[in-house]
Amino acid sequence: MTPDQAFAYLTKGCVDVVTAEGLRAKLALGRALTVKVGFDPTAPDLHLGHTVLIRKMKHFQDLGHRVIFLIGDFTGMIGDPTGRSKTRPPLSLEDIARNAETYKAQVFKILDPVKTEIRFNREWLAALGSEGFIRLAATYNVARMLERRDFRQRYEAGAPISVHEFLYPLAQAYDSVFLEADVELGGTDQLFNLNVGRDIMPAYDLPPQVVLTTPLLEGTDGVEKMSKSLGNYVGVTEPPESMYAKLLSISDELMWRYYTLLTDLTPEQIESERARAQPMASKMALARGLVADFHGADAARTAEEEWRRVHQQKRAPQDMPVVRVPAGGLPCKAHEFLARHALAPSKSEAMRLLRARAVKRDGAVVEAGAELDGAPFVLSIGPSRFFRVELEGKSDPQA
RNA sequence: GGGGAGGUAGCGAAGCGGCCAAACGCAACAGACUGUAAAUCUGUCGCCCCUCGGGCUUCGAAGGUUCGAAUCCUUCCCUCCCCA
């Protein structure tokens with residue numbers, strides 16, 4: 001890879017690069033760069049949006065750089081003043097250790113565990129002492145702190161800002177000093193904190209780190225940011241089939257965004273994929289690749305077969321939730337059946353589904369008002385919800 | 001402390017005595033279409049009986065006026081804005 005290609009690869013998808021010249025110069029040093037990325041010690045439940053940053057770490061690993069996965073167990077006590085959560089309950093050491101393990105399980109699907117250094121900033125921040133902390137605080141000034149939007153807004157609004165809140169960016173900055181970071185990565189919301197690190201490093205006779213920020217990923221709806229609460233997310237621990245299906249249901253436009261932020265392909269490779277003008281094939285390749293990242297190639301293949309089976313051939317999936325009907329539960333009016341087994345939230349809703357001809361039994365539309373009988377059979381609701389209905393006590397001889 | 005505005009279905013927002021289970025938009029769900037989608041079109045979108053249709057409970061809370069209230073009155077709770 002030429003220096004230009006390396007630069008393009010590493011900055012692919014990034015929002016801020018502070019500064020581009022700085023990064024080029026660091027890359028030109030020809031040595032492995034120390035790349036630091038900080039994480040809260042809170043319990044991670046990662047979705048693809050979080051993996052944008054993690055994948056960026058991998059890109060540095062790919063090019064032979066030294067990547068430090070930093071768990072902010074000390075800074076976690078301070079609590080980043082992002083405004084939202086007012087008081088964060090302090091985590092115990094056991095909590096933090098457990099959370100770190102959970103991180104590993106999820107993050108090492110992408111990162112190379114051998115190449116990844118995991119550090120805890122309590123190691124050096126606890127050792128810093130009051131004197132060290134005061135020296136650290138002396139490297140910055142209030143005016144610059146107030147450049148942070150959150151602080152300025154509160155200051156101007158007369159809302160309180162605790163002095164300890166200023167210590168968070170400083171402590172984070174000191175991490176970079178201690179680790180002699182060449183590069184720090186973070187989400188766009190971290191830009192200020194990352195730059196504080198850059199700013200104070202010269203006071204410790206270190207060259208300023210380069211700051212890169214990764215964007216927030218749009219969710220599967222293509223509009224809102226990916227988030228659990230909006231339901232537009234793809235979780236990294238999600239089963240292969242649903243992961244694949246969700247990814248295939250994104251819009252063609254969004255697919256290229258995902259290509260940029262969720263794959264290791266270079267910008268040129270993505271461009272040539274796009275130039276093929278085979279959006280369906282490209283989307284399947286994307287989904288297959290992502291499923292493979294988290295579940296392995298075999299699972300990805302199986303998920304794809306399954307998807308073809310259900311969505312292209314319109315057949316029932318291999319595995320589907322089983323609805324067990326107690327003795328005497330059949331025959332039963334269809335709408336009542338759906339509501340009783342929680343396949344629809346209410347009988348009214350079930351009735352609507354039936355009227356819309358969305359409910360099928362073994363592939364044949366169930367008419368509104370019809371009765372269901374003669375289990376076992378496969379019941380489907382809409383294009384993607386399938387259930388195997390069985391009578392209690394009689395188990396399926398096949399499965 | 002003084003003055004003003006407002007709380008309507010998942011969200012936004014109309015309605016301001018009967019034609020209101022409540023316009024409209026978004027989201028959601030379903031159907032059609034398609035290369036899966038997206039886009040588009042159509043339908044649905046409180047609960048219950050369910051075929052039409054019918055019944056029941058909703059419009060911050062509790063009372064009241066009225067043949068009839070989301071709409072009027074009283075009290076209470078909450079939110080926002082301005083002045084001090």
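Modeller: Helix α9 crosses α10 in a right-handed sense, a crossing being right-handed if the near helix is turned clockwise from the far one by less than a right angle, and left-handed if anticlockwise. The model is predicted, so local features need pLDDT of at least 70 and side-chain atom pairs count only at pLDDT 80 or more, while totals for chains, interfaces and linings use all residues. Residues are numbered from 1 along each chain as its sequence is written, chains are lettered from A and ligands numbered from 1 in the order in which they are written, and side-chain values use heavy atoms, with hydrogens and water left out.

Two packed helices are described by the angle between their axes and the distance between the axes. Here α9 covers residues 163-179 and α10 residues 191-200; the angle is about 55 degrees and the axes are 8 Å apart. Axes are lines fitted to C-alpha atoms, for helices over the stretch in contact, and angles run from 0 to 180 degrees between N-to-C directions. The angle makes α9 oblique to α10, because angles under 35 degrees count as roughly parallel, over 145 as roughly antiparallel, 65 to 115 as roughly perpendicular and the rest as oblique.

From α9, the contact (heavy atoms within 4.5 Å) is made by Tyr168, Pro169, Leu170, Gln172, Ala173, Tyr174 and Val177. Phe192, Asn193, Leu194, Val196, Gly197 and Ile200 contribute from α10. Ten of these contact residues are nonpolar, three polar and none charged. In this division Ala, Val, Leu, Ile, Met, Phe, Trp, Tyr, Cys and Pro count as nonpolar, Asp, Glu, Lys and Arg as charged, and the others, Gly among them, as polar.

As for the context, chain A has 17 helices and 13 strands, which are DSSP runs numbered from the N terminus (helices H or I, at least four residues; strands E, at least two). The C-alpha trace spans about 80 × 50 × 40 Å along its principal axes. Of the 399 residues of chain A, 46% are buried, meaning under 20% relative accessible area with a 1.4 Å probe, protein chains only; exposed is over 50%, and partly exposed lies in between. Among contacts in chain A between residues at least 6 apart in sequence, 69% join residues at least 24 apart.

One backbone detail lies elsewhere: the peptide bond from valine 18 to threonine 19 is cis, with omega near -10 degrees. Threonine 19 sits in the loop between β1 (16-18) and α2 (20-28).
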